[in-house]
Amino acid sequence: MLEMSICEGKGIDIDLQNEIKLEENHWRLVLKAIIDIIMHLAMENSAFRGTDELVSNIGKSNQSGKFLNLVNLVSHYNEPLRIHLERHKKGSVTYFSHEIQNEFLEIIANKVRNTILSQIKSATYYSLLFDCTPDISHEEQMSQVIRYVVVNENGCEIVESFLGFLQVFKNTGEAITEDILRSLSNHSIDLSYCRGQSYDNGANMAGKWKGVQARISSINSLARFIPCTAHSLNLVGLYAAKCSPELENFFGIVQKLFNFFSSSTQRWDILKEHLKFSLKGYSTTRWSAKQRAVKSLYLQLGQVIHVCKLLKNSNLCEEASVELNGLLKGIANFKFICMLIIWNKILTAIDRVNVILQKQNITIDIATQHLKGLIYFIEKFREEGIEEALDESKQKSTELSIEPVFPSIRVRKKKKMPGELAEDESSTLSEENKFRILMKNVCDRILNGLKERFDSIDEAAKDFSFLDGKFVFSMPTIQLKKHAMDFCIKYEKDIDKNELILELDSFTQHAIQLDNKLIDARSHEILNFILKNSLQEAYPNIFTAYQIFLTLPVTSASCERSFSKLKLIKSYLRSTTKQTRLNDLSIISIEHQVAKSIDYEDIIKEFASKKSRKIIIK
């Protein structure tokens, strides 16, 4: 009877129980408001604390920090929070301290991380994406990203999830490998299910013998290494631009021109008056920055020359005047215009592919096709595009009143040694022909780099090529079985050879009857078809093969994107942020979609159970 009266609220202490429930509900609403504020600041990468953290000064001090200022703002519209502030007394519980903030951040981050880890384990197969960068405190931070395939009722989705930053104390391949293995062990991720790894081209990461990829491959031979294609493409262009002093001088002029105007606000204002968009500086590591710098100058070369001539007639200091004369001489000549037009075409083609390669859901087959398209463009440009660019340069030079002739240079004739039969042909070549040879050498450098650096991704694409719709539904049965057997030799731990051959024989007939458009389908589209029609149990080996293929990485660009958040979170004003808080803030900000899906009630219950407060929220 006592139990029934308590459950039904009919006991003699009904008033006391109602008071407890009201108080419990009040604190629940206060904590929800606090969690909401913490989530908002974490997702916005904002600082929490100020120099004045006294609760009594909330709404009065300008130095309270964003967290307490937001508490004050929200209290204007949140009745429980307003009452909480009004009845606050010195020494009473407020839940506004930075220790409480850290506790909530830790709970939220752990829930986000556990959600991601459960998805990784349910996906079975995954790939590793790791990259390092120094932070504002000169500490080496390694970004940990896992690529896997999420399977649900809506189909499949390629996901690259961030797990946190790992502080690295040694940059050797051995030390970094130990850090990676320790991190995987702490997260209970089994390395035996790793099917791919992608890092930049640094020797400590990509080295064939002592690099991270070699050490992990020695533990798990199925963890196929694919160098970051975006980084490799940047290196291809970077080395091509350094094949001649003339090319380095060209990019030097582009950068000096930007530096000349950006170093003075007055000169920059004059430039903005005559240009639609500003000049850009370039970076030696980011190819897109170089493309933007060349493109902005290419589109507005006439206006830039006009502004330089205006400034030449103004009262500049002697140093600036000398620098301007040198820049004007450098850009107002036919050879510079030719290089500007040619590099604009080459850089634009490379940048378009580079942007596509950095997408999170890109697959190896699509990446390979874009790279082959780039190779075809460079080959065609080498044969035809250089001549077209020279014709365009002559037309543009005429419009700018610049003589369309290469400047003649006195040729040093090499001394002919006794017994030497070959003639020095350089003395007979015109400057225009020398320029053609130079730009063809650039194209050759790019082509050689593309073919050498992308062997691994091309090999991976060939191993899985028989799964593409164009092949699996049209390839002769004998040839299809041969490809399947070769594939099973590499993945014998995951795929049953005999079963796969039988499944392919049936699947090619079964699937095409359900949907005849599969002939032109990509790998991820076929996997979605299997899931949509619930065929994964009927064709488990085919399903596993497609899943492994989509798991293989193309770039480590997701690690680079996490570095952008690192710079926002650990800024020069927050340079002493501890590693735990940095990781909590980073995973909430980067994986904000997962963080938004977390139920606040679960956070409050876990917080209450940890703190063991007077009021226990059940």
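Predicted model: local features only at pLDDT ≥ 70, side-chain atom pairs only at ≥ 80, totals over all residues.
At 13% relative accessibility, Asn 45 counts as buried. The cut-off for that label is under 20% relative accessible area.

Where does Asn 45 sit? Asn 45 is in the loop that runs between α2, residues 14-43, and α3, residues 65-75. Now look at its backbone. Most residues other than glycine have a negative phi.

Next, Tyr 95. Its phi is near 65°, again a positive value in a residue other than glycine. Tyr 95 belongs to the loop between α4, residues 79-86, and α5, residues 98-123. Buried or exposed, Tyr 95? Tyr 95 is buried, because its relative accessible area is 9% and the limit is 20%.

Lys 335 lies in helix α15, residues 334-357. Its relative accessibility is 18%, so Lys 335 counts as buried. What is Lys 335 in contact with, once neighbours within four places in sequence are left aside? Glu 246, Phe 406, Pro 407 and Phe 435.

Now the whole chain. How many helices and strands are there? The chain has 27 helices and five strands. Along the principal axes, the C-alpha atoms fill a box of roughly 115 × 80 × 45 Å. On burial, 49% of the 618 residues count as buried. On contacts, take those between residues at least 6 apart in sequence: 72% of them join residues at least 24 apart.

On to helix packing. Two packed helices are described by the angle between their axes and the distance between the axes.

Pair one is α5 with α25. Helix α25 covers residues 579-590. The two axes come within 9 Å and cross at roughly 55°. That angle makes α5 oblique to α25. The crossing of α5 and α25 is left-handed. Which residues make the contact? From α5: Gln 101, Asn 102, Leu 105, Glu 106, Ile 108, Ala 109, Val 112, Arg 113 and Ile 116. From α25: Arg 581, Asn 583, Asp 584, Leu 585, Ile 587 and Ile 588. By class, the contact of α5 with α25 has eight nonpolar, three polar and four charged residues.

Pair two is α6 with α8. Helix α6 is residues 173-186, and helix α8 is residues 212-219. They pack at an angle of about 55°, with the axes 8 Å apart. That makes α6 oblique to α8. What is the hand of this crossing, left or right? The crossing of α6 and α8 is right-handed. Helix α6 brings Gly 173, Glu 174, Ile 176, Thr 177, Ile 180 and Leu 181 to the contact. Helix α8 brings Val 212, Arg 215, Ile 216 and Ile 219. By class, this contact has six nonpolar, two polar and two charged residues.

To recap the two pairs. The α5 and α25 crossing is left-handed, and the α6 and α8 crossing is right-handed. And the three residues: Asn 45 is buried, Tyr 95 is buried, and Lys 335 is buried.

Terms used: Residues numbered from 1 in each chain as written. Heavy atoms only, no water. Axes fitted to C-alpha atoms, helices over the stretch in contact; angles between N-to-C directions. Helix = DSSP H or I, 4+ residues; strand = E, 2+ residues; numbered from the N terminus. Parallel < 35°, antiparallel > 145°, perpendicular 65-115°, else oblique. Left-handed = near helix turned anticlockwise from the far one by under 90°. Contact = heavy atoms within 4.5 Å. Nonpolar A, V, L, I, M, F, W, Y, C, P; charged D, E, K, R; others polar. Buried < 20%, exposed > 50% of the residue type's maximum accessible area, 1.4 Å probe, protein only.
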